[in-house]
Amino acid sequence: MSKFRGKNGNGNTKAAQGGGKSGANRSGSQQAVTTTAPVNKNDDVTVEIIGLTHEGEGVGRADGFTLFVQGALPGETVRARVMKVKKTYGYARLMEIVAPSPDRVEAPCAIYKQCGGCQLQHMDYAAQLKWKRQHVVDSLERIGKLRVAGAVGAADTGTVCAGSDGGSDVEAGGVPGHAVIVHPTIGMDEPWRYRNKASVPMGMAVSGSISGKDGLPVPDLNGEHLIGGFYARGSHRIIDMDECLIQHNSNDDIVARVKKIGRELGITAYNEETGQGLLRHVMARVGFVTGEAMIVLITNGSRIPNVDQWVARIREDIPGVMSIVHNINKRDTNVIFGDETRVLWGSEVIYDELDGIRFAISARSFYQVNPVQTVELYRKAVEYAALTGSEQVIDAYCGIGTISLFLARKAGHVHGVEIVPEAIEDAKRNAALNGIANAAFEAGPAEVVIPRWRQEGIVPDVIVVDPPRKGCDEALLGTILAMKPERVVYVSCNPSTLARDLRVLEDGGYRTVEVQPVDMFPHTVHVESVALLVRNGTES
Ligand SMILES: C[S@@+](CC[C@H](N)C(=O)[O-])C[C@H]1O[C@@H](n2cnc3c(N)ncnc32)[C@H](O)[C@@H]1O
């Protein structure tokens with residue numbers, strides 16, 4: 001039962017039923033019960049929250065009308081102010097928690113409410129893990145039309161699909177057939193300070209009482225100074241910050257010091273509206289095992305004024321930095337990196353280790369951001385591959401060869417493919433660095449390279465895929481079906497595209513046996529999973 005009480009003097013009193021059986025969705029493609037919204041902008045309403053969207057917003061309903069309330073948890077009664085009303089749903093701002101959920105905790109981050117980086121700090125960690133598993137289950141059922149063992153259906157478990165991730169056009173509930181086991185999410189013992197990489201956007205703010213080194217005033221840039229932090233929720237407004245509780249301390253320290261040096265040298269930040277200004281992002285990366293750090297200055301221009309001073313000051317002020325890199329991005333884009341990268345000082349790469357394997361990582365290469373959980377994820381992928389030492393394995397979307405080298409320790413031969421040429425250079429270097437001779441790498445789109453490998457006669461026993469959020473290319477899925485490996489191991493950072501692709505593989509003759517969610521991103525809504533598929537008829 002959800003209660004909505006209008007308070008804006010428009011004469012409406014809202015009282016309504018909530019808790020329908022199917023998931024809410026913003027696109028309105030499901031049955032829209034109400035065409036005229038029973039609430040108006042600026043109404044203060046009391047809402048019982050019945051679920052959580054995949055973006056982490058609480059969901060309340062009135063007569064089938066849905067309100068999304070950021071910061072509210074399932075089971076809570078909250079007072080919220082209606083901010084936006086669309087035809088079949090609206091958004092409301094959390095004003096007061098009338099009756100809290102037992103899963104509610106105090107978010108420890110001082111800027112949690114403004115910052116868009118984390119979405120679940122207000123939820124107990126054990127509840128986050130449970131919710132993430134349910135998110136995977138929902139996606140498999142709704143999008144993949146898979147039957148999940150022991151699943152009771154999304155609407156009964158308080159999870160609501162927001163629709164924007166592709167879950168809107170199918171009904172809740174699984175289909176008859178084999179049941180997929182979805183394991184409890186593997187969480188962290190210490191779910192803070194887990195990120196090894198920070199990519200921090202830079203901006204300008206009106207100067208206050210900022211002083212430079214030795215208390216000297218910083219150069220006057222029309223009364224403004226350099227700031228840097230993450231974007232406010234749902235905007236490109238930068239929240240200046242010096243501490244992020246999910247970042248490794250080294251990254252916080254680096255970004256804070258680089259900002260300070262930048263201020264003292266009179267560096268301007270790029271303004272995405274005018275296209276003027278220099279510094280766009282500062283990226284800091286640290287090897288958890290080695291302690292080696294890399295700094296990347298991403299600028300809107302080829303020349304950094306006082307570059308020698310920059311480098312000298314960074315080296316002087318920040319111990320542990322092994323690599324200072326400059327990347328040039330002059331484009332009007334949200335993409336962080338441009339195409340031109342050069343080393344300003346030190347090494348082109350830093351090193352880190354995962355499960356005893358050493359990796360060289362260059363500025364633009366993908367490297368999982370949570371190394372503790374990465375080891376869990378990769379061990380599970382290797383377990384699912386069930387290698388005996390003789391198998392031919394393809395690792396598609398291999399990045400710098402991380403999973404490939406884990407697999408190579410147990411396989412006959414691993415063929416890795418990745419679209420970023422620098423990452424493939426790193427992968428080759430990494431194989432050599434670890435004395436691994438049974439792994440070869442090729443740069444190019446997986447959907448082009450793997451069909452060619454097929455023509456060349458490569459017959460894989462196992463194919464591992466770890467695509468970006470958009471999932472596997474259709475042509476690649478077709479090639480996997482044509483190559484008929486005994487096992488497919490699918491590593492995914494997006495349950496929606498995972499479910500979509502599992503359906504294609506199931507229809508092509510594979511059976512999804514089990515899925516293991518892994519919490520790579522505590523306190524955010526993101527969840528990583530690894531799925532095992534076997535070819536029908538190859539396993540009882
Ligand atoms: C989620 S990351 C996984 C990387 C690696 N498996 C790891 O765990 O570090 C996805 C990778 O796919 C690469 N990629 C994106 N599109 C691709 C494509 N069409 N073909 C091959 N690689 C691609 C990206 O550059 C990125 O390195």
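Helix α2 passes helix α3 in a right-handed crossing, meaning that the near helix is turned clockwise from the far one by less than a right angle. This is a predicted model, in which local features need pLDDT of at least 70, side-chain atom pairs count only at pLDDT 80 or more, and totals for chains, interfaces and linings use all residues. Residues are numbered from 1 along each chain as its sequence is written.

**Helices α2 and α3**
- The axes of α2 (residues 249-264) and α3 (residues 307-317) come within 10 Å and cross at roughly 140°; helices are DSSP runs (H or I, at least four residues), and strands are runs of E of at least two, numbered from the N terminus.
- Axes are lines fitted to C-alpha atoms, for helices over the stretch in contact, with angles from 0 to 180 degrees between N-to-C directions.
- The two helices α2 and α3 are therefore oblique to each other, as angles under 35 degrees count as roughly parallel, over 145 as roughly antiparallel, 65 to 115 as roughly perpendicular and the rest as oblique.
- R257, V258 and I261 of α2 meet W310, R313, I314 and D317 of α3, where contact requires C-beta atoms, placed from the backbone, within 7 Å.

**Ligand surroundings**
- The ligand is surrounded by 21 residues, of which F366, Y397, G399, I419 and D466 are the closest; a residue counts as near if its C-beta atom, placed from the backbone, lies within 6 Å.
- At least two residues of this shell come from each of α5 (402-408), β21 (413-418) and α7 (446-455).

**Domains**
- The domain assignment gives domain 1 (2-99), domain 2 (107-190 + 370-391 + 461-540) and domain 3 (197-354), with bounds from an automatic or database assignment.
- In domain 2, 14 residues are in contact with 13 residues of domain 3.

Terms used: Two residues are in contact if their C-beta atoms, placed from the backbone, lie within 7 Å.
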